[in-house]
Amino acid sequence: MLSFPVTGQVIDTVKAVPDSELVVVAPVTSLIAADHKYDDGKMIDLSWVPSIDDRLVEGNVMGYKVYRIEGDSEPETIAELAPGSNAYNDQSVERGKLYSYFVSALSSNAETPSIRTAPIQPQREWLNIELINVLIMALVLGGAVIYFIETARRGKKLFVRKIAGLEAVDDAIGRATEMGRPILFIPGILDMDDVQTLAALTILGRITRVIADYDTKIFMPVSRSLVMTAGRETIKASYQAAGRPDAYSDDMVTYITDEQFGYVAAVDGIMVRERPATVFLLGAFFAESLILAETGNSVGAIQIAGTARPAQLPFFIAACDFTLIGEELFAASAYLSGEPKQMGSLKGQDVGKAIAMAAILIGVLTATIGEAWNVEWIQHITTGLRDIFSTR
Amino acid sequence: MRRELPLAIAFIAGVIFFIAYFIPHPPFNRFENWFSDWFAIVAAFAIWLGALNLMKISFIKVIRKKSDWLHALLIIISFVIIVVIGFYEGYRGLHANPPFSFRDPGTAFDWLYVNVYSTLSATMFALLAFFVASASYRAFRARNLEATLLLLAAFFVMLGRVPIGDVITGWLPRAYQMSQWASWIMNVLNTAGQRAIMIGIALGLVSTSLRIILGLERSYIGGD
Amino acid sequence: MRARELIVSGLIILFFLACYFFSPKPMEFSRSTSVLIIFLLAAAFVYVFIRTFRGRFIGRRVVFIFVGVALVLPFFMKFPLPLQISPEVQSVYDALEKLPPHSKILASFDYDPPSAPELQPMAVAFMKYAFEHDLKIIIMGLWPQGPQQADQAIQAAFIENPDLKQKTKYGVDYVNLGFQSGYEFVILQMGQSFKSMFPADLYNTPYDSIPLLKNVSNFSNVDFSMNFSAGKPGTAEWVQIAVDRFQLPLAAGNTAVQAPMIYPYLKKGSKGKKQLIGLLGGMAGGAEFEKLTKKPAKATTYLLSQSFAHVAVVIFIIIGNVAFFREKKGKK
Amino acid sequence: MGFWDVFGIWLASALTIGIISFLYRDNIFYKACEAIFIGTSAGYWFIILYWDNLYRKFWTQATDPTNPEWYVPWFGFVLGVLILTRLFNKIGWLSRWPLAFIVGAVAGLYMMIYFVSNAMVQVSSTIMPVFTGSWVDIIANTTVVLGTFCGLVYFFFSKAHTGVFGGAARVGIWFLMITFGASFGYTVMSRMSLMIGRIDFLFGTWLGMIR
């Protein structure tokens, strides 16, 4: 839909034409203004039947102008639309005010207004029914997660395939202990408002439990102050749980700077000086991934990396010993815990994937068959499936 | 109490923000905006912790004359300079007529930003050009089929996205030249892979979020 | 050790000072010199290949020198390069071509100076195109430095085409709303009202007294939007909120790192509509766009260096792998 | 050009060369540039957060008598103050409250945003007829569907990668690897562009050797 600003000049030329030369087109009919359902009272939907002169061949309609009258004030143009338009969505209304509309059909030099709609007030609603499919999907997925957590809690054994990167965690920590060198944990460079950082911290919690047992040194430089706070809490708790609160110190976690490369430069320096035996690179990484992974590799550390940022994965894959790809990062903390109820949540995730895969398979099949043989009921299945997964 | 209350807070906050997605009615439809402001404010407080920490460590290094104390001193000096100028310019801008922002062109803060901060960060970024090349030479090996595929895709994209690729394959019909291969990889193979990753990540995120809301993940508030 | 460090540093400084005082300005190689340089480079690569093949890898500093040379020298060369337009760039251009004069375009500048080498050329080309075709531009930024980059792009466009400077008027032909913090939430709020997020423009002119913004209350009043993005918040957020929720027609220019993640949005969705109209990816995307607008500028100039650098990286990968396979064979 | 402009360009050139000198080895010039960088960047963000967030988002809004929602930013203020309790050992545990709130809210909020845009919309975009258009389109569509499907199989945790399932997972990882390869290629492009930008600055803006 196109709309361009109305300038004063256009109206002037319209007036300058003598009546006899005016091209008069039929007005639009059945203009309806309705409150847009399920919003905060900020939209009104307009629909109409286009002018009968609106044809591709020999049509005289050059477009439509939508006018709005707010209360008793003068009509104002709110949109100019291309020929063939039959609807408009006015998103610039305010709740509590009365609006009426009319639409003009434009010819090359004249415009024919339609009748005005009755005044209407935008309404505000409590539940966005248009999102009901999203709500149902979310509940199904959430329900599956909770169901499997409960199942596991009741003692049913759940199978989860091996994730190579996570199998190696214990060895990696053991290696650092044997070599007497520290472990470096890098939780990405984003703040606590990124779920990858949360995932990294939950993994940190699991890892430090083991580290506290082994009495190995862990060091965690961070680039966000909040992550520093949360990281300290996490490590402290793990040391307490392992019965060694005395071994914990705040110096294990330090803030460097929010700036990406200032942070990288500092971490690089730490790697070269401290020569950690094991490096964990888990969280949200950007351009720094390459430098960190390369430097870690060059000081001979075992590196376990994981991120949900596809652009950085090639560097981790090339320079690290194990890489958690995308979703595996989120599964890691549950997997590492080994607790049945945590494993249950992974099962729930799988239900989501199963639904997605089934929808893709069935959807593609029905769409293809429906279109190839033009079978109506099969086409309905496709539309239905699409609607379930669409947001509008 | 010290453990249960945070869990309850996380649970309630999570549930409210989940529900808010579906409710267009105030105050729920304002939550997203409010939270973004709150988070911004908390981050502004938290950086005091971070900055104090950085200064503390640097000061200790300088006072104890550790090996890199000059380095630490330089950190302190540059930190203090930009902070003082930033506060001064911001304050001056507020009371000027018309008011201006501390980062408008022409301010001392902007001068520092352009000539020092942004220069340094751009150059740091640019160093990656060299590291990428050395990694290509030393690390990217066709160890197995998977790695080979990675390298092949990179090969076609790197050559196909610059004119050189078409010069090399100039003898082929246009539809089979390198740039077309690159386009196909990006639009078809890359799209498929990215989609699988996106869907997987979204599901993993939902499950992680649920574990947090339900209190199964509690390490960040110091408990297990 | 220290002495060597100082000598090398001294040499580097001497080199640059020599360039400053004695080099021709501007400097340009003749065709034959260029060919000779390329030949020498190729010969050097052959040497590296043979060396590596014999199992003696070159050090990383040598790799660095190769890359440096491949990046710097093409700046002084001149070769015509054939450039094919990729479909995603073509569709950005087509969408712009379809806009009638006086259409309003919302341009969000979501990047900062470090990413400018990739995005600035396309921003300049875009501005030039828009002003020449009498399209009205509303500038904003989700990154603090974005609006300044936009301003620089406009100045550069004026320098390249001085007529535009006479013709274009601030407030009528373009307006710079400045930066607003709040990441993707700014987009969300703009869906309801631009004014609530930008009560005044960059120069503190109230929203309502800017002629261009009359009748512009939210996304429904702009005809097209362009997003130059170097990360988050950026194109993904614009698609997820402005396009998915408010049906804004959107095209984007992205850094090359970002671009692959944006491709899924370019595919036609179930309703036959793309989430994103088109994409200019990295320097190459900028150069293609410049070619379409028939005004080759910075990106086109840079493209030769870019090509050389890509070839260097590809050759290094090949050399490394040939050596790797030889080694593997040897072990068997 | 005034003194400060010229001085700025010279300073920026010196810093640029200083950072690039790291390629030779870690040296004192690089170390100095690095320290300046760490200091200025921490300070830069400190200032940005102060004026943009603390001043603009909190102070001006919370003290504006015409703002009907003046009380909203105060909640953020309370959270922020609670975070600062970390500075004092005795009441440090209070900082868990704002952390819990942030983590819970992020979980609830982003769960839905990502779920809709990245899972649901992508699934619905993948539902398309594959046998339409030219044979090029058919191959492309089939490949997209196959790749997305097999990629999801790879991420499936409940079944070991054996048999037909394992085969599909293997195809899935192939697609992922090609995706990473494409990302790698584009990343190289990006990095080279950035260096080109610095070279343009050194040899163009500073030395004037480039037109």
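Reader: How do you know what D:D52 is in contact with, leaving aside its neighbours within four places in sequence?

Author: Contact means heavy atoms within 4.5 Å. By that rule D:D52 is in contact with B:F102, B:R103, C:F179, C:S181 and D:K57, its neighbours within four places in sequence being left aside. The model is a predicted one, in which local features need pLDDT of at least 70 and side-chain atom pairs count only at pLDDT 80 or more, while totals for chains, interfaces and linings use all residues. Residues are numbered from 1 along each chain as its sequence is written, chains are lettered from A and ligands numbered from 1 in the order in which they are written, and side-chain values use heavy atoms, with hydrogens and water left out.

Reader: Why is D:D52 called buried, and where is its place?

Author: Buried means under 20% relative accessible area, exposed over 50%, and partly exposed in between (1.4 Å probe, protein chains only). D:D52 has 4% relative accessibility, and therefore counts as buried. Its place is in helix α2 of chain D, residues 28–62. Helices (H or I, at least four residues) and strands (E, at least two) are DSSP runs, numbered from the N terminus.

Reader: What makes A:E150 and A:R153 a salt bridge?

Author: A salt bridge is a side-chain nitrogen of Lys or Arg within 4 Å of a carboxyl oxygen of Asp or Glu. The N to O distance between A:E150 and A:R153 is 3.0 Å, and the two side chains meet in a salt bridge. Both residues lie in helix α2 of chain A (132–153), 3 residues apart, which is about one turn of the helix. A:E150 is partly exposed at 33% relative accessible area, and A:R153 is partly exposed at 49%.

Reader: Why is the pair A:D194 and C:K232 said to join two chains?

Author: A:D194 lies in the loop between β8 (183–188) and α5 (195–214) of chain A, and C:K232 in the loop between β4 (224–229) and α10 (235–246) of chain C, so the pair joins two chains. Their side chains meet in a salt bridge at 3.9 Å, N to O. A:D194 is buried, with a relative accessible area of 8%, whereas C:K232 is partly exposed at 34%.

Reader: Are A:K353 and A:E327 buried or exposed, and what do they tie together?

Author: A:K353 has a relative accessible area of 0% and is therefore buried. A:E327 is likewise buried, with a value of 0%. Their side chains meet in a salt bridge at 2.9 Å, N to O. A:K353 lies in helix α11 (340–373) and A:E327 in helix α10 (327–337) of chain A, so the pair ties together parts that are 26 residues apart in sequence.

Reader: How many salt bridges does a search of the whole structure find?

Author: The search finds 26 salt bridges over all chains.

Reader: How do you know what area chain D and chain B bury between them?

Author: Buried area is the accessible area (1.4 Å probe) that two parts lose on being put together, summed over both. For chain D and chain B this comes to about 10500 Å², with 83% of it on carbon and sulfur atoms. In terms of residues, 111 of chain D are in contact with 103 of chain B. There are 2 salt bridges between these chains, and B:E146 with D:R170 form a salt bridge at 3.5 Å, N to O.

Reader: How many residues of chain B are in contact with chain A, and what area is buried there?

Author: Here 54 residues of chain B are in contact with 67 residues of chain A. The buried area is about 5200 Å², of which carbon and sulfur atoms give 72%. The count between these two chains is 1 salt bridge; the side chains of A:E294 and B:R138 meet in a salt bridge at 3.2 Å, N to O.

Reader: What share of chain C counts as buried?

Author: Of the 332 residues of chain C, 61% count as buried. This chain has 13 helices and 6 strands.
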